[in-house]
Structures are given as C-alpha cells and as structure tokens.
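Have a look at the model first, then read on.

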Amino acid sequence: MSTDHHAGLEDIEVLESSICEITQDGLTFRGYNITELAANSTFEEVACLLWNDQLPSQKELAEFRRELAGEYALPREITEHINHVPREAHPMAVLRTLISSLGLYDAEAADNTGPAMHRKSVRLLAKIPAIVAAIARHGNAKSHVESNGELSLAGNFLYCLNGKTPDAETERLLDTTLILYAEHELNASTFAARITAATQADTYSCVVAAVSALQGNLHGGANQRATEMLLTIGDAANVPEYIDARLKKKETIMGFGHRVYKNGDPRVPVLKALCQSLSEKKNEKKIFETAIAVEAEMLKRKRLHANVDYYSGLAFYLLGLSAEIYTCIFAMARAAGYLAHIAEQLEENKLIRPRGVYTGKRGLVYKPLASR
Ligand SMILES: CC(C)(COP(=O)(O)OP(=O)(O)OC[C@H]1O[C@@H](n2cnc3c(N)ncnc32)[C@H](O)[C@@H]1OP(=O)(O)O)[C@@H](O)C(=O)NCCC(=O)NCCS
C-alpha cells in the first residue's frame with residue numbers, strides 16, 4: 001500500500017475560509033472567541049455573525065428573529081410525510097429524508113443567487129428544529145405541535161417537542177449548546193456540504209449531504225452513543241473495568257479523541273461546567289460522576305481528551321431530552337455553519353475533486369462473458 005498520499009486528508013488545507021478558526025488553544029467564529037459567544041450571545045446572533053461576517057445591531061437581530069419566526073411553520077406536506085415514516089426509524093435518517101422533501105416545496109430551491117440563498121438559509125434554519133421536534137413526537141406516537149413565533153429558535157424547538165413553553169433557564173442552556181455546535185470549520189459534514197455546493201447543486205442537496213455525513217458514529221452520532229455508554233456504565237465505580245474491557249477489545253470509546261484538537265476541545269470546559277451545575281440542580285450527580293471518571297480513565301489509559309459530543313450529549317440528557325435525537329440537535333445547530341460555508345463556497349467556487357492513488361490491477365485482457 002502506497003503511503004504517498006494524505007489518508008483522511010489529515011492536516012491538509014484544501015481551501016481558504018474566513019468563517020471559523022481552530023487552533024490548539026481555542027476556537028473563534030469570525031474572529032470572536034467561542035467561550036465569549038457562549039456566555040454572552042444567542043444562537044440567532046451567532047447565525048447572523050456566521051452569515052454576515054459581523055455581529056448584528058439590535059435592529060438587525062430583531063429583523064432576523066422576525067424572519068426566522070415567519071419561517072418556523074412546516075408545509076402541510078411535510079407534517080403529513082412525518083406521519084407516514086416508520087416510528088422506529090432513526091431520527092437522523094428521517095431528518096435527512098425530510099430536508100430533501102422540504103426542497104421539493106421551495107420554489108427557490110435551485111436559485112443560488114444571493115437573496116434567494118438568504119431566504120433559503122432562513123427557511124432551513126427555522127424549519128429544521130420544528131422537523132426534529134415533529135420527528136421525536138411521531139416516534140413517541142404524539143401528535144404534531146404547531147410552532148410558536150413568539151419564541152426563540154431554541155425555545156420554539158422545546159415548545160414543539162414538549163407542547164409547552166420552556167422555562168427561561170432550560171431555553172438558555174439549550175441555546176448555549178446550539179452556539180457551541182453552530183460551526184466548526186471543515187469537519188466531515190461541512191466539507192460534504194461544500195463539495196456538494198461546489199458542483200452547483202441546490203442548497204437542500206448540500207444540507208442533505210452534510211446531514212448524511214453527520215449521522216455517523218465518528219462524527220455527530222457520537223453524542224448519542226457517548227450518553228448511552230454512560231447510562232450503561234451506571235456508576236463511577238464500574239468505569240475502570242468497563243473501559244479496560246472495551247480497550248482490550250480495541251473498541252472505540254465514543255466522545256473521545258479528535259482529528260484536530262490533541263490537547264483538549266475548547267468547547268468542553270463550557271459544556272462540562274453546564275453539566276455539573278445541571279446535574280446538581282436535577283439531582284443527577286451519579287451520571288456526572290460517571291462521566292468524570294470515564295474522562296479521567298481515558299486520559300490515563302490513552303492520553304485522549306473528551307470532545308464536544310461527550311458533554312453535549314450529557315447536557316441534552318440532563319435537559320431531559322432522549323438520546324435518539326441528540327445528533328438531530330447537533331444538525332439543527334450546525335445548519336448555521338453549513339449555510340455559511342455553502343454561501344462562501346459559491347462566492348469563489350472551484351470544483352472540489354481530489355485524486356486517488358490507484359492500487360488495483362493493470363493491463364488485464366477482457367474475457368467475453370460466454371467464456372468465463
Ligand atoms: C474523532 C476520531 C474519529 C479522530 O480520528 P483520527 O484523527 O483519525 O484518529 P485515529 O482514529 O487514527 O486515532 C489515533 C489513535 O487513537 C486511538 N483512538 C482515537 N480515538 C479513540 C477513542 N475514542 N477510543 C479509543 N481509541 C481511540 C485510535 O485507535 C488510534 O490508536 P492507534 O494509533 O493505536 O491505532 C476518533 O478519535 C474517534 O473515533 N473518536 C470517537 C468518536 C467521536 O467521539 N467522534 C466525535 C468527534 S468530535
């Protein structure tokens with residue numbers, strides 16, 4: 001096997017972008033530190049920042065919120081479609097399908113010019129949370145709840161999910177996780193979106209490509225798996241034996257390791273603090289202590305740090321959300337980043353088409369079917 005190629009494109013810089021910077025010391029969106037954004041801004045503000053390259057004024061933010069709220073409602077065809085999907089289908093598979101369906105009801109789907117791109121981006125960002133909530137309710141045999149335009153994007157998601165207005169603290173905590181998930185440079189799903197955008201495909205196809213890549217366990221699927229693992233372990237005392245058994249079988253421990261961050265993920269301290277205070281408030285200390293014990297064990301055994309999915313999964317659990325929709329929540333936040341990257345790709349487009357190193361046979365002589 002040739003080694004003269006870049007397996008997994010590791011450390012390869014393939015394009016220029018002004019959206020997000022990742023260093024070993026931190027993460028910035030359009031020049032603003034993520035920790036500061038998580039503490040002070042809202043998801044809507046961050047989406048504006050990512051799309052417009054600057055923080056919005058109060059007036060601009062109010063207008064953006066109005067635009068979003070005006071697009072929360074789902075087309076009737078989509079709510080009917082949800083009623084017909086198998087209840088046991090994984091929510092990410094349903095989300096992928098429904099984003100594709102949504103494109104069928106958007107007359108501007110194939111219009112990649114600036115104003116249409118903005119309107120489509122608003123539509124997707126506004127409707128994905130309502131779709132995720134509707135999928136979750138359908139899975140639990142509950143009827144659809146119409147959006148509430150008075151609420152923020154995070155608030156409307158919780159409203160559509162639970163059928164009641166969330167308290168301000170729950171809404172704010174979910175909003176913080178959405179900010180942290182909103183964007184992350186050329187991760188696999190964003191790269192999939194840009195590859196698709198570079199072919200001049202329509203926006204819905206780009207987001208479907210992204211969400212398809214996101215669902216895998218090595219990417220967005222890790223938040224569900226990591227939380228399920230913590231629930232399986234059950235108690236901090238079980239951690240050494242559990243981790244030892246899995247590592248001996250050379251299994252991957254979900255929520256650990258990262259392609260870029262080798263000294264820890266800058267989103268983790270914010271999420272960990274959030275999980276700690278939530279676990280105390282909700283009297284769920286056991287799962288938090290288990291999480292801390294797994295983190296310590298992985299550092300000791302493998303020198304691997306927890307990543308964003310490890311503690312965001314736990315945060316969602318502590319917010320009372322069920323594990324099957326964690327990756328969908330990741331998707332509804334990262335849609336902000338996907339749409340910023342799709343627009344940036346189209347601004348100065350070049351088809352993304354790398355080469356492969358051929359390792360197959362050569363020079364074979366074709367034998368007619370009848371003589372094989
Ligand atoms: C994120 C991830 C895909 C990065 O992969 P990568 O940069 O290609 O790194 P590798 O998979 O080559 O890992 C390097 C080494 O660490 C080990 N490793 C990495 N993550 C591991 C994990 N979560 N559990 C156990 N071992 C792990 C690998 O087995 C490998 O060991 P080896 O050199 O002995 O073969 C990988 O760390 C992983 O699978 N993590 C779990 C899934 C996850 O949490 N994904 C969300 C990412 S934000």
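This is a predicted model: local features need pLDDT of at least 70, side-chain atom pairs count only at pLDDT 80 or more; totals for chains, interfaces and linings use all residues.

Residues are numbered from 1 along each chain as its sequence is written, and side-chain values use heavy atoms, with hydrogens and water left out.

**Largest pocket**
- A pocket is an open set of points on a 1 Å grid over the protein atoms alone, with protein on both sides within 12 Å along at least five of seven lines.
- The largest pocket holds about 1,400 Å³, a volume being the space filled by probe spheres set on points joined across faces, edges and corners.
- Its lining (residues with an atom within 4 Å of a point) counts 50 residues, and Leu186, Asn187, His258, Arg259 and Val260 lie nearest the centre.
- Two or more lining residues come from each of β1, α9 (188-197), α14 (285-302), α15 (308-318) and α16 (326-347); helices (H or I, at least four residues) and strands (E, at least two) are DSSP runs, numbered from the N terminus.

**Largest cavity**
- A cavity is a set of grid points where a 1.4 Å probe fits but cannot get out, and the structure holds one of 30 Å³ or more.
- The largest cavity has about 40 Å³ of space.
- Among its lining residues are Thr79, Ile82, Asn83 and His138.
- α4 (76-84) and α6 (114-139) each give at least two lining residues, with α4 supplying the largest share, three.

**Leu9**
- Leu9 is found in the segment before β1 (20-22).
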